[in-house]
Amino acid sequence: MPASTSQTLDIAIIGAAHPHVEYVLSEIANRTDVRVVAVADYDAARRAELERRTMSPGYADANALLDAHKVQAVAVFTEFGLRAPIVTELLRRGIFAIADKPMAVTSAQLALIEHALAGRNLLTLLLEKRFYPVTLALRSIIDSGELGDVVSITTTGPHKLVPSRRPAWMFEPSTYGGILADLTVHDIDLALWLTGYTSGTVSGWISSIPAAGTTDFPALGRAILACDGGPQFAIEVDWIQPEASPRHGDYAMRIAGTKGRADVLFAENRLLVETATRPLREVDLPAGASPASFVFDHLVRGEILQIPASEALRATRIAILAQESATNGSKPMRWG
């Protein structure tokens, strides 16, 4: 449903429960071809801030907004567990859904979205890691064949929790979901996007040790993806990034191939490559892209949707399966 190049895209924002709403707000501030015509949030303080930032009318009820305004797309940043019904309603109305991750936290929620989508490409996830300079450089290295066949990918995703600064909904399973359903989505997406595998199994494990300052909020989780006839991905995520660290998370990824390996240091924006024929070197990086530019370039200019609905559903589904596996004795679950 891309708009013609002469049109301005009218969108709405529903929810500002997560700071990722800034992805859309900052992107729109730098464009003249997209405007926010309405916002909604049941939380009065968050709604008032959205109204102030966008200079648009606010609604406490999302359906009231959708009934009152004709919009072509809606960006959803509510609490994680509240997103699926909103995304489903958008799709039912034929409105393009721009979802923050995770867009669903249970298989039942995801099934509702998939049923409403009905095979249309009316949905995307804001997966900003795809557009980092180090990620784009890594994709070029892998596509060139310099690493050979990818044998394994190991990722670490530490996050700083600081419980006193987190909203209460994060500590409620119904609104948060779980550590694997939340934090593994990015690296699951990257691993599959980089390698192209389409089926396999996933198993999950969640630490029984709570994060500091909490009583039952898991400190760490791990998902193991085994691709049919291909590599294995080990994706570790945690909420134990030291609070004194200057960084929110020291995200890293190691790709081991039959001809070489690459280490991505996301926080330092560095890519190191060492192969059978070339010694260790640091790769020059291209320019990256903002997290939300790709979806507006698609909707306004007709460019290819770089994170299509099928890939948004896939990453979300595998993350949820990992979460469900962890609660079932790490039983392998099929995906693809």
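Let me begin with Ile318: neighbours within four places in sequence aside, this residue is in contact with Ile188, Leu192, Val202, Leu225 and Trp335, where contact means heavy atoms within 4.5 Å. The model is a predicted one, in which local features need pLDDT of at least 70 and side-chain atom pairs count only at pLDDT 80 or more, while totals for chains, interfaces and linings use all residues. Residues are numbered from 1 along each chain as its sequence is written, and side-chain values use heavy atoms, with hydrogens and water left out.

Ile318 is found in helix α11; helices here are DSSP runs of H or I with at least four residues, strands are runs of E with at least two, and both are numbered from the N terminus. With a relative accessibility of 1%, Ile318 counts as buried, a term that means under 20% relative accessible area, against over 50% for exposed and partly exposed in between, using a 1.4 Å probe and protein chains only. Thr184 lies 134 residues from Ile318 along the chain, yet their C-alpha atoms are separated by 8.9 Å.

Which helix does α11 cross? The axes of α9 (residues 185–195) and α11 come within 9 Å and cross at roughly 125°; axes are lines fitted to C-alpha atoms, for helices over the stretch in contact, and angles run from 0 to 180 degrees between N-to-C directions. That angle makes α9 oblique to α11, since under 35 degrees counts as roughly parallel, over 145 as roughly antiparallel, 65 to 115 as roughly perpendicular and the rest as oblique. On the α9 side, Val185, Ile188, Asp189, Leu192 and Trp193 meet Glu311, Arg314, Ala315, Ile318 and Ala319 of α11. Seven residues of this contact are nonpolar, none polar and three charged; Ala, Val, Leu, Ile, Met, Phe, Trp, Tyr, Cys and Pro count as nonpolar, Asp, Glu, Lys and Arg as charged, and the others, Gly among them, as polar.

I turn now to the core. The largest nonpolar core has 113 residues, and Val24, Leu123, Ile255 and Phe296 have the most contacts inside it; such a core is a set of buried Ala, Val, Leu, Ile, Met, Phe, Trp, Tyr and Cys residues joined through side-chain atoms within 4.5 Å. Helix α11 (residues 309–326) supplies the largest share of this core, nine residues. Beyond its neighbours within four places in sequence, Leu123 has contacts that include Val87, Phe96, Met103, Ala309 and Leu313.

Finally, helix α1. Val21, Tyr23, Val24, Leu25, Glu27 and Ile28 are buried there, and the buried residues of α1 pack against β1 (9–14), β2 (34–40), α2 (44–54), β4 (73–76) and α10 (293–301). Ser26, also in α1 (residues 21–29), is partly exposed, at 32% relative accessible area.
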